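Reader: I would like to go through the terms used for this model one by one, and to hear for each of them what it rests on.
Author: Then let us look at the structure and take the terms in turn.

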Amino acid sequence: MIQLSIREMAAMLRAKQISVAELSSLFFDRARAFNQQTNALTKVCCDISADQLIQAETMLAQEGHVLAGIPLAHKDLFCTQGLRTTCGSNMLKAFIPPYDATVVSNLKSQGMITVAKANMDEFAMGSSNEHSAFGAVNNPWDLTRVPGGSSGGSAAAVAARMVPVATATDTGGSIRQPAALCGITGIKPSYGRVSRHGMVAFASSLDQGGVMAASADDCALVLSAMCGHDALDSTSHVDAQWSWQLPESNSMKGKKVGVVTDWIDGLKDEAIKQSTLEAIQTLKDQGAEVIDIQLPHAHLAVAAYYVIAPAECSSNLSRFDGVRYGHRSEDCRDLEQLYVNSRTEGFGEEVKRRIMVGTWALSSGYYDAYYLKAQKVRRLISQDFAAAFKQVDVIAAPVSPEVAFKHGEKSEGVSMYQADVFTIPASLAGLPCLSMPVKPAHGLPVGLQLMGNYFDEQSILSMAHQFQQVTAWHQAMPEAFL
Amino acid sequence: MNQQNKSVLKAGWEMVLGLEIHVRLDTESKLFSGAKASYGAEANAQVSFLDAALPGTLPVFNEKALAYAIRFGLSVDAAIAPVTAFARKNYFYPDLPKGYQISQMDKPIVGKGQIEIETEAGKKTVEITRAHLEEDAGKSIHDKYDQFTAIDLNRAGTPLIEVVSEPQMSSAKEAVAYMKAIYTRVTHLGICDGNLQEGSFRCDANVSVRKMGDETLGTRAEIKNLNSFRFIEKAINHEAKRQVKLIESGGQVVQETRLYDADKDQTRSMRSKENANDYRYFPDPDLLPIVVTQEMIEAQRALLPEFPEAKMARYTQAWQIKTDDAEIIAFDQALSAYFEQAQGLTQAKADLNAKFLLGEYAALLNAMESKISQSPISAADYAGLLDELAKGSISRKIAKQVVENMWQSGDTAAVIIDSQGLAQISDASALAALVDEVIASNPSQVESYRAGNDKMFNFFVGQIMKQTKGQANPVQTKDLLEEKLK
């Protein structure tokens, strides 16, 4: 049951071979049982709520609602009405939103059942999910290793099939890298495809909601329901509505796949390099034409990103001041202390580091040298991609230069930031991109990244789906969780 | 340098003033949320999730505010930006829920403009540097609870335009004239309710002083939150004098923000530049730049009213109205509308209309403790009354009675004059007979007049008015008497 695709589960629900309540409780039980090992979830709901059950049953009674009754977890930065939303932070450890994020309400209206909230790096800052006030998340493939981040909870929960699907967010790689490290499929859509309303902001110009599941088809079905224009998000695209079309065959004939040769040549891990090359060979075998491309400014992406994202974060996180909601220090005799102590106690080290970096980068006298220059680099990178997509339909690349590393293995800061070297360029350009499992290395999952042109989710998801029709990497599960 | 200035500052000194005026736009909802923007509701009753900066909320721009800002820009001959963008101004304060204010930095909606003001030395043009849209903060209430500060977020997010002038004013009187000129614009444009007490129109004044003839500007101090025309004048004069005294005693003016205490008539330091905030402005990534189309601009241009200065010129030149009267009427929107509407319907000269409106009619409004906008007399009925006056069928004195009667009864002037027999006697033969009779029955007075006692003339006028109960046409009466007493 737990290895079924969304379409298969939907067919069983429709055929009344299983009820919505039964399917949900199967996953409620798994979520509860495996959370001790993985710590993937910050909250497991006790029960399916009456209104969600009614909605699911109503949708099931009608034709064509494939998501009705399918359980899911939301990354714990999507606001869920009446359900604690922590962002993995002590700052919001008691925050219960009075409203649903647009993503949450969109999926609710399709009859999906919220089973849990997923752990994450605090305020989505991190690549290892070790920066959570609720403890580190463990990779189901090897509990001594990290699941990646920041959507490490979502990735681990799906990898262990504690839920069949989870929402996630990606600012610089926070969906793709944990998807790769946990051996699942995850897509970050184009910027503007999915509403950010109700998604607690880290870096507004980069944040994008997406989805993680076993397969590209599962991801695509959920993404079709999540996306769409939202009047409550001014950066949501007016034509954001999109609907997944299953490719007619497994042939990629006529499709051009760009490969940045430098990136693959530069991989230090031979096993990852081999997995990547083999996966690209499979695309070739399916009829795709592989073309070498250049992204001349992509090597500047990490530096630009770690100016822009912290700058925006320093401003976005100013609202957590202990005045209206969130953690308020008991130790404050005046306003200054209220601010300083509440924020010192409420935020973790990585968040504080980024707030300080961002504050500095925006400071008078530094703005032009850092923020403005970073924005110029960002434009150059977008132009690189625009030029590349004149030649190719999809760009294939590694996701992470390494497999899941051990907890505590990496020192904080810059060495961790290099983990995002292949994921950040597409984020800066606002392009759709996904990670799908390919041949493991060192017994651990490896992902291949597919990047598409702006608003062309269809091409990358089609290619991933076609790949998954002839490979079985995405069906592999860690044995301990079977 | 005008007289006024010399009397304020010691000889040899001059002040340089620039103003930042905050105009609250009279929109239904706030600048980025759907919450109501009106004043005076119960504390925190008009606060959306966004206004309270709940995590995950995002700003959605209010198009009406943009339209109002464009309309203002056009009214001061300013360039309207083809692309305008919002920026965040970051600072911590309890009544600023997001920890930043959404404002505009390098792409303000309104660029360079200008406005003409009246000074004692004549007309003067003050240049406007820019005007930008921004959201207001909430209110901190320090005097409600002993130990705590209360926060009211009703005002948080209400739309403002900040109008920044060049430092081109050289006296507090000029600053007030400039402020009034902007005030007239925004209230006539229908974009601001103009309520000073409620803070709909308030200003920060940048004040510096320098020795006469100096080219460079002195260090300035900013006086915050002045919301009365009287206080701004006093505050500026006080601050300029403080600076001169400071410099003359060997001190230096520091760049700082000061508050004016109206009760004590003094300014005090709020914060100096050293501990001023670095606002870390950057483009707001939650809001995309807005493209301002020519259509949007033309739509606002079509809504521009005629401003009082132009109206006044028209009244005095085309209609020959006295300057003082023209000014009073032109600067009062309701009054000028009523005046012009009546003028379009009457045969009477505009001058008579103006005189009666500001004379007898104004006295009536005063007595009734009412305003022209609340008058029960329609402009058409008032035009009818003016016609009766112009025809000579009633005198100004009778017209005063008639207008009072119109107010009470709702009848037209013609009906009242007819039913109460108030029409002036303008029938020449009837008047002539009466004049003959008065002359015949007062021989000694006639003799006295003819002997050179001119004052006696009024005796005859009085006799005739008495016998006609004031209805004799005074001009005809005078002519007839002069002729027959020769």
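This is a predicted model: local features need pLDDT of at least 70, side-chain atom pairs count only at pLDDT 80 or more; totals for chains, interfaces and linings use all residues.

Reader: Which residues of helix H7 in chain B are called buried?
Author: The cut-off is 20 or more other C-beta atoms within 10 Å of the residue's own, and in H7(B), which spans residues 323–330, Asp325(B), Ala326(B), Ile329(B) and Ala330(B) are buried.

Reader: Why are these residues said to line one face of the helix?
Author: Seen down the axis of H7(B), the buried residues fall within an arc of 120°, so they line one face. An α-helix has 3.6 residues a turn, so residues three or four places apart point the same way. On the face of H7(B) turned away from the buried side are Thr323(B) and Asp324(B), which are exposed, whereas the cover over the buried residues includes helices H6 (308–317), H8 (333–343) and H9 (350–368) of chain B.

Reader: What makes S4 and S14 of chain B edge strands?
Author: The open sheet has 3 strands in the order S4-S3-S14 (chain B), paired antiparallel, and S4 (100–103) and S14 (282–283) of chain B each pair on one side only, as edge strands do. Pairing requires at least two bridges, and strand S3 (residues 87–90) of chain B has 2 bridges with S14(B); Phe282(B) in S14(B) is the bridge partner of Arg88(B).

Reader: How many residues does each chain bring to the contact, and which helix of chain A supplies the largest share of its side?
Author: Chain A brings 33 residues and chain B brings 24. Helices H10 (301–316), H11 (335–346) and H12 (349–362) of chain A each supply at least two residues of the side that touches chain B, and the largest share, 3 residues, comes from H10(A). By class, that side of chain A has 16 nonpolar, 11 polar and 6 charged residues.

Notes:
Residues are numbered from 1 along each chain as its sequence is written. Chains are lettered from A and ligands numbered from 1 in the order in which they are written. A residue is buried if 20 or more other C-beta atoms lie within 10 Å of its own, exposed if 12 or fewer, and partly exposed in between; C-beta atoms are placed from the backbone. Helices (H or I, at least four residues) and strands (E, at least two) are DSSP runs, numbered from the N terminus. The arc is that of the directions from the helix axis to the C-beta atoms. Two residues are in contact if their C-beta atoms, placed from the backbone, lie within 7 Å. Ala, Val, Leu, Ile, Met, Phe, Trp, Tyr, Cys and Pro count as nonpolar, Asp, Glu, Lys and Arg as charged, and the others, Gly among them, as polar.
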